[in-house]
Structure formats: structure tokens, C-alpha cells
Amino acid sequence: MLKLQTSNIKLQTILFFLLFCLSLGAQPEMTQLQPGQTPDGVVYYLPKTALRVHLLIEKQTYTPGQFARYAERYLHLTCVVQQEQISQRIVNCEVSSFGVRDTSKCYSVRLKGKAETAEVRLSEQGTLLAVNDEPLAYSVPALSAPLTSHLSPLTSHQSLLSSEALAAGSTAKMAEITAQQIQELQERRQQLATGEADEMPQDEQQLRLMLQEIDQKCNQLMTHFTGTVRRDSSEHILTLCPDKEINHQVLFRISRRLGLVDKDDLSGTPYYIDLKNLSPDERPVPENKKLLGFYVNVPGMAQLTISQDDQTLAQFQVPLAQFGFTELRDGDLFRRYVTHLQLHPATGAVVRQQVEQEK
């Protein structure tokens, strides 16, 4: 009798397992609605706002002059650096936005009355851009490069050295002769400026040109002692799509030699991002979907701050769709009149709404 009960328990266990597997197979498969025209109307999404952080980073490379070790001896210049130095700094920072499909905001609208012939414009991702209107032209602004001087390498000034300096048998002798050439140029400039030169220019404009030429030659020769600085700038773009506030998180790092590195690379100095929601906590409840209108976003405002230690690098106020709420534009308006609706592609907010009144 005990053996029969054990067999029944095993049989019940097997049957339960089979029924469980069948129930799993019978679960309905959830599929994402495809945006576009359908027999019942139009399926569309509203966007979520993503951000691009544009960074213009300047790399500064100092190359010591070939006579740097003799700068103090012959020109009385102290603190001349004799090793190559590389530094990186952010010279410009801007923020732009773009829209991505918000899968939590998918809607279907029936087109009736005047709206039956409405032209509904969607993005490639299926987000609503316009109704009976052209999509808003929206482009990302380009960063302007800083006004920096790009100094040529030392080799380009080699021809300014006198034949005597080039023929010298040692670097020390070349440095001594070049220093004498600099001093002669400075004396010549002083004589022209004070009017004591043997041959003075005939007019003020010619004098100014002669002084500029002397200054240029003198500065180029000085680079053999003081070195040159080359500045190169490069643009980098970081992308993020925040769903909530951000409290002082590392956004990126800047390495002295490598420039922009990943936020996890400890070789660079960290830069932090803070994102604060400036919108009120209370949001209106969306209207009834039975009105069959078009849903649009009412974006909230956020404050984005990028900082390094306690120093603020940049601060912006940006509208974010995910920090706002959704409202319904009444379907009766579209059914009774030809209505033009244009949305912002990054936020889904109404840019323009115009109704063609019948005469």
C-alpha cells in the first residue's frame, strides 16, 4: 500500500511539471508596436531627450630650445624649462540635445473627419515630428576653435642663424654667437626708436615696418633659447540620456599627456556632472485617451553643471522631456479643421500649432 502511494506522488509530480511547462509556452508574447500608418490610424512614439556634451580640448606642447641650457649664461634668462612639457585643458564646453524614442510613450490615433487626409510626419525611430506641417529643421551647433597661436618648430628658424653660428664647432659657441646676434638686433631697434640710427627711414610707416621686422627676427632667434609652444585643439562629444537627477558623478577625465580618457582611468583628473530637476513635483494627470487626439510632451527644465573640484567649468539649463509630463491635443480640433502641428524633435514639445479656419 505504501508503495502504491509513492508511485501516485511521483505521477502527480510529473503531471504538475508538464502542466507548468505548457503554461509557460502559453504565455502571450509581448511585441513592440511598429510606428507608422495602420488600418486603424497612426502609431507613433514621443521622444526622450538625450544630451551631447561637446568638449574642445587644447593640447599644449612645449619644446625646449636647442640653446636652453645657455639661456642664463648669455641672455641672463632664468627659469627656462629644459624638458619637453605637455598639458591639456578644456577651452570650450557646450551642450546640445537630440531625441530618442521613448518606449513608454507609444500612442495610436484614429484619423477621422478632416484628419483622414492628414499628413503625419515621423522620424526614422517613429517619433512624432509634425502633422500637416514640415518637421522642424534642427542641427547641432559646432564649437568654435579658440584663437591660439600655432608656433612653428625650431627647425624652421634654423635659417635665421648667421653663417658664423652655423659654422661654429660646438653648441656652446653657436649659442654665444646667436646671443650676440640678438643683442645687435635689440641695439639696432633702440637706435631706430630713438632716432639715433645712422640711416633713418623716410617716413613713419617705413619706420614701423622696420621695427616689426626686427622684432620678428629677434623673437624667432629667442626661441632657440626659450623654446616653442605648439597648440592643437580637438573636439570630443560625450552622449548621455538621463532618466533621473545626477548627483556629482564622474563624467570624464583629462590626462596631462593623453587628453580625454575614460572616467574609470585614474591617470586623468576627474570632471563631474550634476543634473538637477528644476520642474515642480506636481504634474497634471494626462487627459482621457478616448478623445483620440495627438499626445505631446511638456518638457521640464533641468540644470546641468560640469565641474572640476570646486570650480565650475560650465552650467546650462536644458529642457528634458523625461522631467516633464504629457498632454493631449484635442482630437476634435483635427477632425473639424485642417490643423498644423510642429514638434521639437529633441523634446516633443509643441513649437507651432495653427488652425486653418474655414471661410
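I began with S10, which runs antiparallel to strand S11 (residues 311-329) and is joined to S11 by 14 bridges. I am working on a predicted model, where local features need pLDDT of at least 70, side-chain atom pairs count only at pLDDT 80 or more, and totals for chains, interfaces and linings use all residues. Residues are numbered from 1 along each chain as its sequence is written, and side-chain values use heavy atoms, with hydrogens and water left out.

**Strand S10**

I took helices (H or I, at least four residues) and strands (E, at least two) as DSSP runs, numbered from the N terminus. Two strands pair if DSSP finds at least two bridges between them. On the S11 side, I found Phe 294 opposite Arg 329. The hairpin of S10 and S11 has 2 residues between the strands, and Asp 309 there has a positive phi near 60 degrees. Strand S9 (residues 269-277) is also antiparallel to S10, with 6 bridges joining them. I noted Thr 305 in S10 as the bridge partner of Asp 274.

I then checked burial (buried is under 20% relative accessible area, exposed over 50%, partly exposed in between, with a 1.4 Å probe and protein chains only). Of the 15 residues of S10, 11 are buried, so the strand is largely enclosed by the rest of the structure.

**Aromatic pairs**

I used the ring criterion for Phe, Tyr and Trp (its six-membered ring): centres within 6.5 Å, with planes under 30 degrees apart stacked, over 60 edge-to-face and the rest tilted. The structure holds 6 aromatic pairs. In one of them, Tyr 44 and Phe 294 have ring centres 5.9 Å apart and planes at 40 degrees, so I logged the pair as tilted. Tyr 44 is in strand S2 (residues 41-63) and Phe 294 in strand S10 (residues 294-308), 250 residues apart. Tyr 44 is buried at 0% relative accessibility, and Phe 294 is buried at 2%.

I looked next at Tyr 107 and Tyr 295, whose ring centres are 4.2 Å apart with planes at 15 degrees, so this pair is stacked. Tyr 107 lies in strand S3 (residues 85-109) and Tyr 295 in S10, so the pair ties together parts 188 residues apart in sequence. Tyr 107 is buried at 12% relative accessible area, and Tyr 295 is buried at 5%. I recorded Tyr 44, Tyr 107, Phe 294 and Tyr 295 as a cluster linked by ring pairs.

**Helix H5**

At the N-terminal end, Asp 203 caps H5 with a side-chain oxygen 3.4 Å from the backbone nitrogen of Gln 205. After H5 comes Gly 227, with a positive phi near 90 degrees.

The buried residues of H5 include Leu 211, Leu 221 and Phe 225. I found the buried residues of H5 packed against helix H2 (71-75), helix H4 (171-194) and strand S6 (228-240). On H4 I picked Thr 178, which is buried at 0% relative accessibility. Leaving aside neighbours within four places in sequence, Thr 178 is in contact (heavy atoms within 4.5 Å) with Phe 67, Leu 161, Ala 165, Leu 221 and Phe 225.

Notes
Polar contact = N/O pair within 3.5 Å; in protein donor to acceptor, adjacent residues only side chain to side chain.
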